[in-house]
Amino acid sequence: MDKSTRQFPRRDKKTLLLTLLILFILILSAAVLLIRYFTAGKAGTARIYQDGALVREIDLSDIAAPYTFTITSTDGSYNTIKVEQGAIGVTDADCPDKTCRNMGMVRSSAYPISCLPHKLLIQIADNDSGIDAAAQ
Amino acid sequence: MKIRHMAMLAMYTTIALTIFTIESLLPGLAPVSGIKLGLSNIVTLWLLLYASQKDAFLCLVMRILTASLIAGQMVSFAYSLCGGVFCFCTMAVLFRIFGKKYIVFISVIGAVFHNLGQILIAVIVLQSFSILSYLPLLTISGIAAGTFTGLCTHYAAKRLTKDQVWLP
């Protein structure tokens with residue numbers, strides 16, 4: 001390799017351009033992340049989708065006693081989902097990566113729970129109306 | 001394709017596959033799929049530096065194919081392939097524009113596009129845009145991971161002289 005690659009890029013226009021581009025992406029992402037974090041409400045309604053179709057809708061604000069149920073897909077794979085007052089989570093699944101299970105019980109509406117191998121998605125909305133939630 | 005060339009590419013694919021397998025055995029860094037270091041991208045960057053874009057692409061696709069065969073997951077194959085091709089195309093274009101001096105930056109932007117490609121496949125598979133809310137998180141983790149793999153490649157290239165490197 002020639003000598004020019006041996007030093008870290010020096011201060012030139014290309015370095016400046018690339019640094020600014022990456023900083024821009026970073027700041028934009030961080031801003032969106034923070035906005036989402038502060039505007040996310042408590043988990044209100046959970047909608048469970050499988051293959052893009054709604055299979056179950058649960059109002060999390062009115063759960064008397066925690067319970068679990070299992071969603072089975074057509075190829076026999078399963079996800080066991082636990083519901084309690086104000087929270088929902090996947091407790092067991094036969095997928096290889098177990099990402100959904102590792103998310104634990106989710107109490108905020110910031111992120112959906114997804115199980116990519118089983119095409120399962122749990123969307124969590126806060127129970128306030130959309131306009132109020134956006135204005136908070 | 002010469003035998004020597006083919007053997008070298010097979011060797012680099014094996015290195016990438018080994019790195020990939022060991023990394024997948026480590027516990028996840030965060031409870032969100034997609035947040036990982038992506039260390040096997042070092043091999044792709046390395047081949048971009050020392051071989052050709054064609055070689056780097058072949059090695060990447062073969063690594064993804066063999067990794068999915070070992071894991072036995074066709075779903076993860078789609079994610080890996082889409083992320084990998086997105087990442088590679090971005091890096092190849094940037095490599096042509098900026099050249100090898102900027103390998104760290106190229107790695108960072110490539111990693112961001114890798115995660116973007118995977119999210120787009122997730123949108124198609126789950127048929128829902130709500131998964132896009134992971135994008136900011138995955139972009140930031142991509143920048144961190146891309147910086148790390150880029151610096152690994154940069155310093156490995158800095159330490160080795162040309163006669164110490166296996167060239168396909």
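Start with chain B: residues 24 or more positions apart account for 73% of its contacts with a separation of 6 or more, a contact being heavy atoms within 4.5 Å. Keep in mind that this is a predicted model, where local features need pLDDT of at least 70, side-chain atom pairs count only at pLDDT 80 or more, and totals for chains, interfaces and linings use all residues. Residues are numbered from 1 along each chain as its sequence is written, chains are lettered from A and ligands numbered from 1 in the order in which they are written, and side-chain values use heavy atoms, with hydrogens and water left out.

**Stop 1: chain B as a cartoon.** You'll see six helices and zero strands (DSSP runs numbered from the N terminus: helices are H or I with at least four residues, strands E with at least two). The C-alpha trace spans about 50 × 30 × 30 Å along its principal axes.

**Stop 2: the surface of chain B.** Buried residues make up 51% of the 168, buried being under 20% relative accessible area with a 1.4 Å probe, protein chains only.

**Stop 3: the largest cavity.** Select Lys36(B), Leu37(B), Gly38(B), Asn41(B) and His114(B), which lie nearest its centre among 23 lining residues. On a 1 Å grid over the protein atoms alone, a cavity is a set of points where a 1.4 Å probe fits but cannot get out; a pocket is an open set with protein on both sides within 12 Å along at least five of seven lines, and lining residues have an atom within 4 Å of a point. This one has a volume of about 290 Å³, the space filled by probe spheres set on grid points joined across faces, edges and corners. Which helix gives the largest share of the lining? Colour helix 6 of chain B, with five residues.

**Stop 4: over to chain A.** The second largest pocket holds about 250 Å³ of space. Of its 14 lining residues, pick Arg36(A), Ser109(A), Ala110(A), Ile124(A) and Ala125(A), the closest to its centre. Helix 1 (13-39) and strand 8 (120-125) of chain A each give two or more residues to this lining, and strand 8 has the largest share, three.

Technical notes:
Buried < 20%, exposed > 50% of the residue type's maximum accessible area, 1.4 Å probe, protein only.
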